[in-house]
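Open your viewer and get the selection tool ready. We will go from one stop to the next, with a short note on what is there.

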Amino acid sequence: MNFGFNDDQLALAATVRDVLRTHCPPGSLRSERRPAWEQLAGLGFFGLLLPEAADGLGLALVDVLPALEETGRACLPGPVVETAVVAPYLLADVPKLASGAVCVGVLPPGQAYAADADLADLLIVVRDGGARVIPRRDVRLAPRRGVDPCRPLFEVTFSRSEPLPVPVGPALARATVATAAQLVGLARELLSVTVGYARVRTQFGAPIGSFQAVKHQLADVAVAVEFAAPLVYRAALTVESDSGDRDASAAKAAAGEVATLAARVALQIHGAIGYTEELDLRFWLARAWSLSAAYGTTAAHRERLRTAITGRRP
Amino acid sequence: MDLDFSPAERAFRLEVRDWLARHRPPPLPSMDTAEGFAAHRAWEAELAAARLSAVSWPEEYGGRGASLIDWLIFEEEYWAAGCPARVTQNGIFLLAPSLMRYGTPEQRERHLPRMAGGDDVWAQAWSEPEAGSDLAALTSRAEPCPGGWRLYGHKTWSSRAAFATHGFGLFRTSGARHKGLTYFMFPMAGVAVRPIAQLDGLPGFAELRFDGVFTPDSMVLGEVGEGWRIAMATTSSERGLTLRSPGRFLATADRLAELARDADPALADRAARCRIEAEAYQLHTFGTARRLMAGEELGPAASMGKIFWSELDLRMHALALDLLGDRAESWVDGFLFSLAGPIYAGTNEIQRNIVAERVLGLPR
């Protein structure tokens, strides 16, 4: 029993964090479609989970979890989870994945539109329990409105496609856990930014963070983050076991709720300035909403948990 | 990172499970009655005979020198087996950590084995009518006399004090707000005890009046004037790991999931959520145990756990009442107890202030 990250896992996260601070600052979210991708690729980020035979490092999901949290903390745009986590399990024999030269999109089951499909060189579409892979030239995309300006949605039609002869469940479970890790990172950033604002914004001659009504909301977010994160860590450890799907659902539901709570409290405490397009906060709010719906909504994962825990059929 | 137990830990779990299956008592009468108090003490003595009453204590005091992980395993098995709440908990989980850390060897040898065996049952005497959440405002005082101290004042809401043999708490030894407090242990003989019925009508609380109660020098814990610091270390234990291990909440969540099997989906959903939250607390505690075993202090982070487990416990019992309506018999006691969770060990309002100021760094 050693329920904590080791130095290598934390060092990887620290490296990713530094790169994202430099190359994916909040300002870049306004002007660039895919900031920091080149630099992440340079670090080998997209090969972390690929087997060594495919020029990867052959790491396990738990090894990269803190690094994935950092991509959430930075609100990094682009199909990060799809390219760095799903592709290594479904498309490991595609050349140039490790170098980050191939960008992958995913349309998961139960979702109408594919996020970031405009950036994808290859699109994986999962339908009826099986997956098909489609190169960009065979895909037609129609933009559809979503909640997140940096995570655009597209309706997908395609002419030709190749079936993927591997089961997609395990890869989707990993994507769910990875997205949950991003949501935890988002929540941590929302909390941190809001605490910082509450310390400097004054009203009635005092920082608003000295008011108990404000303190207690932030304390509730801190507690929620503190207790959601271990569910995500466990899910990364058990993803290949019998309880993998159940634990992934627990992680995703908890992380989705904590990120949307953190977003709600962040907006409330920032007040009217938070409700403007000018403040960078808007990007994190939108990402909390969009990722909490990705790879299964919170409600869908809760329903799975209900079935697993009480034995009820939905 | 892993969630694997070692072969020795798995063997310990099986030993505990087997022992509890053979020795688990039938449901005991409430420990807040004379009859129930005696029955609980007998159960504590039986646990102690198997050296299971305080497994993480050193062997010389009646424990097994077990790790925190072993203790968590013991707790999971204890509550899963449906064993009773611990009448010794104020002593074992609140006083003992302070005795281990600040007590003299003589104090430890004198008190800990008797505490582990249920021979002495300790009540806490923190609160006063005008000093609950604002504990440092307390006015009960201790005056030096030949050989020891005389205690004066008025303490209240003292759990299990109606039947306890000993008490511990803070008394003022000088005027300074925090530095003027000293940590005393005292025998209950000589203290005027007035039982106070709790919401269930039983004398779970008591009011204590001290009119020059003598306690010898050997019952001062730590230095005179150091009581606040020692008490804060104790309350960190209380809010954190030692009083509320995850085993209790996991066992409650399991009973709840069973209860919700045929319930409507909205209620079943709440039950499933409770189970996952109990698991979140369990996992978080494994992480905390790892840090404590590496020598880190729990500190103000204990407040986060206190908020989480007390509100989870309340949600679980409120859901049981929603599921059962007025047939809530076996859940009523737990429900009433869960209502106390956000109040005792420092109200959750105070805990949120601690998290905001000392974890998040917001201004006072």
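Before the first stop, one term: a salt bridge here is a side-chain nitrogen of Lys or Arg within 4 Å of a carboxyl oxygen of Asp or Glu. This is a predicted model, in which local features need pLDDT of at least 70 and side-chain atom pairs count only at pLDDT 80 or more, while totals for chains, interfaces and linings use all residues. Residues are numbered from 1 along each chain as its sequence is written, chains are lettered from A in the order in which they are written, and side-chain values use heavy atoms, with hydrogens and water left out.

**Stop 1: where the chains meet**

Show chain A and chain B together. The count between them is 6 salt bridges. For one of these, select A:Asp220 and B:Arg352, whose side chains meet at 2.6 Å, N to O.

Next, the contact as a whole (heavy atoms within 4.5 Å): 42 residues come from chain B and 39 residues from chain A. About 3900 Å² is buried between the chains, and carbon and sulfur atoms give 66% of this. Buried area is the accessible area (1.4 Å probe) that two parts lose on being put together, summed over both. Pick out B:Met1, B:Ile276 and B:Leu360: they supply 19% of the area that chain B buries against chain A, more than any other three residues.

**Stop 2: inside chain B**

Select domain 1 (7-86) and domain 3 (240-360) of chain B, with bounds from an automatic or database domain assignment. Their C-alpha centres lie 21 Å apart. Their contact takes 9 residues from domain 1 and 14 residues from domain 3. Between these two domains of chain B, about 950 Å² is buried, 81% of it from carbon and sulfur atoms. Finish on B:Leu68, B:Leu72 and B:Trp79, which supply 50% of the area that domain 1 buries against domain 3. How many salt bridges are counted between domain 1 and domain 3 of chain B? The count is 0.
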